[in-house]
Amino acid sequence: MTEIKQVRLSGFGGQGVVLAGLLLGQAGVFDGKDISGSNSYGAQARGSGCKSEIVFSDGPVDFPHLTIADILIAMSQGAYNTYCTDVREESGLILYDQGFVTPKDNLKVKHLGIPATEVSVKRLKNRQVSNIVFVGALIEATRIVSPGAIRKAISMHVSERFRPLNLKALRVGMELGREFNG
Amino acid sequence: MPFRWVKSPFPKGTYYFSGNEAAAEGAIAAGCRFYAGYPITPSSELMERMAVRLKEVGGVFIQMEDEIASISAVIGASWAGAKAMTATSGPGFSLMQESIGYAAFTETPGVIVDVQRAGPCTGQATKVGSGDIMQAKWGSHGDYQVIALSPWSSQEMYDLTLRAFNLSEQYRVPAMVMADEAIGHLRETIRVAPKVEVWDRKKKRGTASFDIKEEDGVPPMAAFGEGERLSVTGSTHDAYGFRKTDDPEVHARLVGRINKKILNHKRSIIETEDYLLEDAEIAVIAYGFTARTSLYAVKRLRKEGKNIGMLRLKTLWPFPDERVAEVGKKVNRIMVPEMNLGQVAGEIKKCVPCDVISLTQTNGEVIEPEFLIETLKKI
């Protein structure tokens, strides 16, 4: 039986949702998985709803789009409200930005609040790396891809100028994931 | 033999490419060294990658003023001896039709990737559709043939673009890759082999470029600058390319040959795939992205005990009528889900005696599995 994990990253345009999806998918390929990734964003470059969906599989994927999320990353309240009910009950996981999202208390899904934007601003001095903080927390909490693969993916797709910052954001995210997971 | 194995210019391995990027790599692997195009969503990433890659492999890249100029430049480059391509979407594909007829009649190899979006007209640029299937076959006037392939994954954007070049060279005919937005923008694991199979157009010094007595009907093709006497015209022409605009025999022979050279080789051009069809009472016939939805739906319904299978059309033109007819004899019903108002369903109805149900969707979205499953449950 082919094991499939479906991940949906969501937020608003400009938060780096598409880049985070690209990095996770690329890391999955480095780990030898069959990946199908697709993005959806409004015609506007910034501010509109944005999502990136990645299907991780041990074998060929029939339908390449997400059917139900095993993991949801919600970087905005709007994204959370839209997608929180479309997560697999019991085994599912929602990671949300503590600063932006007030979670609902009636869902049968495990929630992890990550202060991603707060640590990006305070510790990393750049609010634009909250997406990578989420990626780090996700990896630590789920091991959906290996830490080595995600570092390689960052080196491949992030320009040299921002690479150290992104790798640092990844480390911080992984620390947060450990903290909240443990 | 004009067929050979060549080392893939892209290192063997696995990659995470979008369909559009993969198509560009497939073209480079096939030996494409000329690209002329005008960017259009949702095909632009293909052009962007060609701009980078052709420079790396020593090819030529030109951004033209529009799609008419783009296809014309491709035809010119092909007659200069290059393997050439362009990519576009519906609005640009419409503009190219006149010159596609010219390419078919002058037997000019060349590849056009059409990343279909929601039409008609400018429609919804970022949304998906597959409304250009009939246009690919009938877009220009007169009787002619083209080859059109239908990829269902990023991997096949690589494989089928490469194959489109090979078929185009082998049969001296425009070949089209009828992708759609969902496939063009889908990122997937791609496996690049160390070696790829490549065809080059036949060449024979001192022979006519526009007629041949041999069975296959494909004459050798000279290029300008090789020292051959060469004239290329979209008017009816004899074996050496001289205009013959009032000789009924020459016209009938030429039109007959450019059609027969494709139709007589249908069996080697056409590719289809069977899924769970052995004992099926219902067959889904699908192509492009919708075949992914269909396979998912068919597998789910099988688990629920429904005798259902799928025939996937990898080649759309020439139409796989023989295989469709075989399937039509064995099943009671055929369902054809499409992101248009039933363009391929109409072709299928011509081939089979059984019921054909056309499931159409033209809202700019892909057909979702649950919708297809529920619809299939009712038949």
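Let me begin with the residues through which two helices of chain A meet in this predicted model. On the side of α1(A) they are A:Leu22, A:Leu23, A:Gln26, A:Ala27 and A:Phe30. On the side of α5(A) they are A:Ala149, A:Ile150, A:Lys152, A:Ala153, A:Ile154, A:Met156 and A:His157. By class, the residues of this contact comprise 9 nonpolar, 2 polar and 1 charged.

Next, the geometry. Two packed helices are described by the angle between their axes and the distance between the axes. Here, helix α1 spans residues 17-30 of chain A and helix α5 spans residues 147-157 of chain A; their axes come within 8 Å and cross at roughly 120 degrees. Angles of 65 to 115 degrees would count as roughly perpendicular and those over 145 as roughly antiparallel; α1(A) and α5(A) are therefore oblique to each other. The crossing of α1(A) past α5(A) is right-handed.

I now turn to the contact between the chains. How many residues does each chain bring to it? Chain A gives 14 residues and chain B gives 16 residues. On the side of chain A that touches chain B, α1 and β2 (34-41) each supply at least two residues. The largest share of that side, 5 residues, comes from β2(A). The side of chain A that touches chain B is made up of 5 nonpolar, 7 polar and 2 charged residues.

Finally, strand pairing. β2(A) pairs with strand β10 (residues 187-192) of chain B in the antiparallel sense, over 2 bridges. One of the residues involved is A:Gly37, whose bridge partner in β10(B) is B:Arg187. Thank you for your attention.

Technical notes: Residues numbered from 1 in each chain as written. Chains lettered and ligands numbered in written order. Predicted model: local features only at pLDDT ≥ 70, side-chain atom pairs only at ≥ 80, totals over all residues. Axes fitted to C-alpha atoms, helices over the stretch in contact; angles between N-to-C directions. Helix = DSSP H or I, 4+ residues; strand = E, 2+ residues; numbered from the N terminus. Parallel < 35°, antiparallel > 145°, perpendicular 65-115°, else oblique. Left-handed = near helix turned anticlockwise from the far one by under 90°. Contact = placed C-beta atoms within 7 Å. Nonpolar A, V, L, I, M, F, W, Y, C, P; charged D, E, K, R; others polar. Pairing = 2+ DSSP bridges.
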